[in-house]
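Please look over the sequence and the structure first, and then read on.

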Amino acid sequence: MSQPLGPSAPVPPKAAFFSPLLFSLYSNSCTSSHQSIKLLKSADDTTLIGLISGGDESAYRWESDHLVSWCRQNNLELNALKTVEMVVDFRRNRAPPSPITLCDSPVTIVDSFRFLGSIITEDLKWELNISSITKKAQQRLFFLRQLKKFNLPKTMMIHFYTAIIESILCSSITVWFAAATAKDKGRLQRVIRSAERVIGCNLPSLQDLFASRSLKRAKKIVADPSHPGQKLFVPLPSGRRLRSIRTTTSRHTNSFFPSAVGLINRARSPTA
């Protein structure tokens, strides 16, 4: 479940500069009390993620009601009309989800929604997200071509590409790249090749960008004892490689942690 969460009164102009920090401090006490429920907050956007086992939705519904009560007690308003629910269920015999009412308004069930700039679908496939990224990157290629017409130095054009186009291509790349289809990867790689022809030099491939950013993210997790995913990076007795994560589905195999372990092991291999 995801919904905007905002103050009920306008912020004074003098406090506008500090409003993101003040709002984060103000809403810091709004947390989840169940291990199977996660409450994610980003500015005024709040997302509730729940793992439902055996059809028992009591914990998830309790947290939803608790969120509503917390907002009322702290003079905040939930925008129920912009609240949506998405159910991820890969069982063969799916049961229809029970309707949820928030602030006397029914919550709309959707098959996809945008979370922090990335489009997530109920089947956990990434065609919609990659189509959105491709469209944005192609629009920015126009400006790169305009700079070429003004004879901008190659170094400046590379800086522009890195900041304006590559940053779009790499948006959440550690999450979706390994699970993307070859067709979708080809669409994105064609954007890079177009930029190479405009600039007149080779640029990092999509695979190289994914590998470098995944390794960088994995190293940060390994160095952070407080990160819940650190325990997944288990060294073998030799200490040179990591123990591979066992997976039963391709969807899990292509997720971040198994992919990151494989990248680390290949980077540590003598033949790499």
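## Salt bridges

Arg187 is partly exposed, its relative accessible area being 21%. The side chain of Arg187 meets that of Asp184 in a salt bridge, with 2.7 Å from N to O, and in this predicted model Asp184 is buried, at a relative accessible area of 4%. Both Asp184 and Arg187 belong to helix 6, where they stand three residues apart, about one turn of the helix.

The structure holds three salt bridges. Another of them joins Arg213 to Glu166, whose closest N and O atoms are 3.9 Å apart; because Arg213 lies in helix 7 (residues 206–222) and Glu166 in helix 4, the pair ties together parts that are 47 residues apart in sequence. Of these two partners, Arg213 is partly exposed with a relative accessible area of 35%, whereas Glu166 counts as buried at 7% relative accessibility. There is also a salt bridge between the side chains of Arg91 and Asp89, at 2.9 Å from N to O, and here Asp89 counts as buried, with 15% relative accessibility.

## Overall form

The protein contains nine helices and 10 strands, and its C-alpha atoms fill a box of roughly 60 × 55 × 40 Å when taken along the principal axes. Of the 272 residues in the protein, 35% are buried.

## A patch of positive charge

On the surface, Arg145, Lys183, Arg190, Arg193 and Arg197 gather in a patch of positive charge. Helix 6, which covers residues 182–199, gives the most to this positive patch, with four residues. Arg193 has its place in helix 6, and Arg193 is partly exposed, with a relative accessible area of 38%.

## Cysteines

How many disulfides does a search of the whole structure find? The search finds zero disulfides. Cys71, for example, is in no disulfide, since the nearest cysteine sulfur, that of Cys30, is 5.8 Å away, while a disulfide calls for two cysteine sulfur atoms within 2.5 Å. Cys71 counts as buried, at 1% relative accessibility. For Cys201, the closest cysteine sulfur is that of Cys170, and at 16 Å the sulfur of Cys201 is too far from it for a bond.

## Two residues with positive phi

Most residues other than glycine have a negative phi. Leu124, although it is not a glycine, has a positive phi of about 55°, and Leu124 lies in the loop between strand 10 (118–121) and helix 3 (127–149). The relative accessible area of Leu124 is 31%, so this residue is partly exposed.

Ser172, a residue other than glycine, also has a positive phi, with a value near 55°. Ser172 is found in the loop that runs between helix 4 (154–169) and helix 5 (173–176), and with a relative accessible area of 30% Ser172 is partly exposed.

## A tryptophan in helix 2

Is Trp62 buried or partly exposed? Trp62 is partly exposed, with a relative accessible area of 45%, and its place is in helix 2, which covers residues 58–73. Although Trp62 and Ser33 are 29 residues apart in sequence, they are 9.9 Å apart in space, C-alpha to C-alpha.

Terms used
Residues numbered from 1 in each chain as written. Predicted model: local features only at pLDDT ≥ 70, side-chain atom pairs only at ≥ 80, totals over all residues. Heavy atoms only, no water. Patch = residues over 30% accessible without salt bridge, like charges linked within 9 Å, V, L, I, M, F, W, Y side chains within 5 Å. Areas by Shrake-Rupley, 256 points an atom, 1.4 Å probe, with all protein chains shown as cover. Salt bridge = Lys/Arg side-chain N within 4 Å of Asp/Glu carboxyl O. Lys, Arg positive; Asp, Glu negative; His and termini not counted. Charge placed at Lys NZ, Arg CZ, Asp CG, Glu CD. Buried < 20%, exposed > 50% of the residue type's maximum accessible area, 1.4 Å probe, protein only.
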